[in-house]
Amino acid sequence: MLPTTASKGRGAARSAPPLFGPYLRRIVKWQQMDIEYTFWQMVHLCTSPKVVYQHTKYHKQTKNQWARDDPAFVVILILFLVFATSAYCAAYGESPSHAALTITSVVLVHFLFAGIVLATLCWFLTNSYLREEPNSHVVEQRVEWLYAFDVHCNSFFPAFVILYVLQYFLSPLLVAHGFFPALLSNLLFVVAISYYHYLNFLGYDVLPFLDRTTFFLYPIGLVIILSPLMILIGFNPTRYFLSLYFR
């Protein structure tokens, strides 16, 4: 096999088919979504996340792209967010109009807008600073923006389970005043945020053309340093974030 030059790699990148067209078209076609595989991914992201990213390698070998071509994960995660936020609105007795506004805010701002911003930031950082210098005999590779968004969605799901589902059932205890509710609330947030960044690290560490991906683990150290201070001053993140939406 003749060696492929970097210039050919760039040409191949330019001629690659767009990812967004088929991805967006499949959003409205439930019969084309692999729901069973999506639930399998969600379960293993909470239990064995490395297995999920091992399958990402297989996807690259078979589909020649790192990003998912199936929007089922995003669609189902949005549905979960709608159901979870509706449960909070019902528990705290908000009006239907306020509930609709809260659900829209959570889906569009907390998940989609924040995810787009974070994915774009990681996409820019990885392509600009973390890529290995391309060899003249190797096709130049870049992180796909849609893959960066996939990594965010993967990392977001376990945080959703902790901060939307588990916190919902513990909220009668967590919203109380006192040291123990603040301690438990901070522990939940520390675990959720740390696991988010750990999965973020796994998502980029699996890409063979990236270097120094341990950069994505640095926020965990900051969270661990700040959490004792938050506990000592009595800051309760559950009370704070619920107060932003509910009386």
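The model is predicted, and local features need pLDDT of at least 70, side-chain atom pairs count only at pLDDT 80 or more, and totals for chains, interfaces and linings use all residues. Residues are numbered from 1 along each chain as its sequence is written, and side-chain values use heavy atoms, with hydrogens and water left out.

The chain contains 10 helices and zero strands; helices (H or I, at least four residues) and strands (E, at least two) are DSSP runs, numbered from the N terminus. Of the 247 residues, 41% count as buried, where buried means under 20% relative accessible area, exposed over 50% and partly exposed in between (1.4 Å probe, protein chains only). Contact means heavy atoms within 4.5 Å. Among contacts in the chain with a separation of 6 or more, 79% are between residues 24 or more positions apart.

An unreviewed UniProt entry lists residues 72–92, 99–126, 146–166, 173–196 and 216–235 under "transmembrane region". The UniProt positions are given in the numbering used here, feature names are shortened, and annotations may be inferred rather than shown by experiment. In the model, residues 72–92 are 95% helix and 0% strand, with the end C-alpha atoms 30 Å apart. Residues 99–126 are 100% helix and 0% strand, and their end C-alpha atoms lie 38 Å apart.

Which helices line the largest pocket with at least two residues each? They are H5 (72–91), H6 (96–130), H7 (145–174), H8 (179–205), H9 (218–232) and H10 (237–245). The lining has 31 nonpolar, nine polar and no charged residues. In this classification Ala, Val, Leu, Ile, Met, Phe, Trp, Tyr, Cys and Pro count as nonpolar, Asp, Glu, Lys and Arg as charged, and the others, Gly among them, as polar.

Helix H6 holds Thr102 and Val106. Thr102 is buried, with a relative accessible area of 4%, and Val106 counts as buried at 5%. Leaving aside neighbours within four places in sequence, Thr102 is in contact with Thr85, Cys89, Tyr245 and Phe246. Val106 and Val82 are 24 residues apart in sequence, and their C-alpha atoms are 8.2 Å apart.

Tyr164 belongs to helix H7 and counts as buried at 16% relative accessibility. Beyond its neighbours within four places in sequence, its contacts include Leu81, Thr85, Val106 and Ala159. Phe80 is 84 residues away from Tyr164 in sequence, but the two are 9.5 Å apart in space, C-alpha to C-alpha.

A polar atom of its side chain lies 2.7 Å from the backbone oxygen of Val190. Not counting residues up to four places away in sequence, Ser194 touches Ile220 and Val223.

Thr238 is found in helix H10 and counts as buried because its relative accessibility is 1%. Its side chain makes a polar contact with the side chain of Gln167 at 2.7 Å. A polar contact is a pair of N or O atoms within 3.5 Å; within protein, one must be able to donate a hydrogen and the other to accept it, and residues adjacent in sequence count only if both atoms are side-chain atoms. Leaving aside neighbours within four places in sequence, Thr238 is in contact with Gln167, Leu174, Val175, Ser185 and Phe189.

The last stop is a loop residue. Arg212 sits between H8 and H9 and is partly exposed, with a relative accessible area of 47%. Its phi is near 60°, a positive value in a residue other than glycine. Most residues other than glycine have a negative phi.
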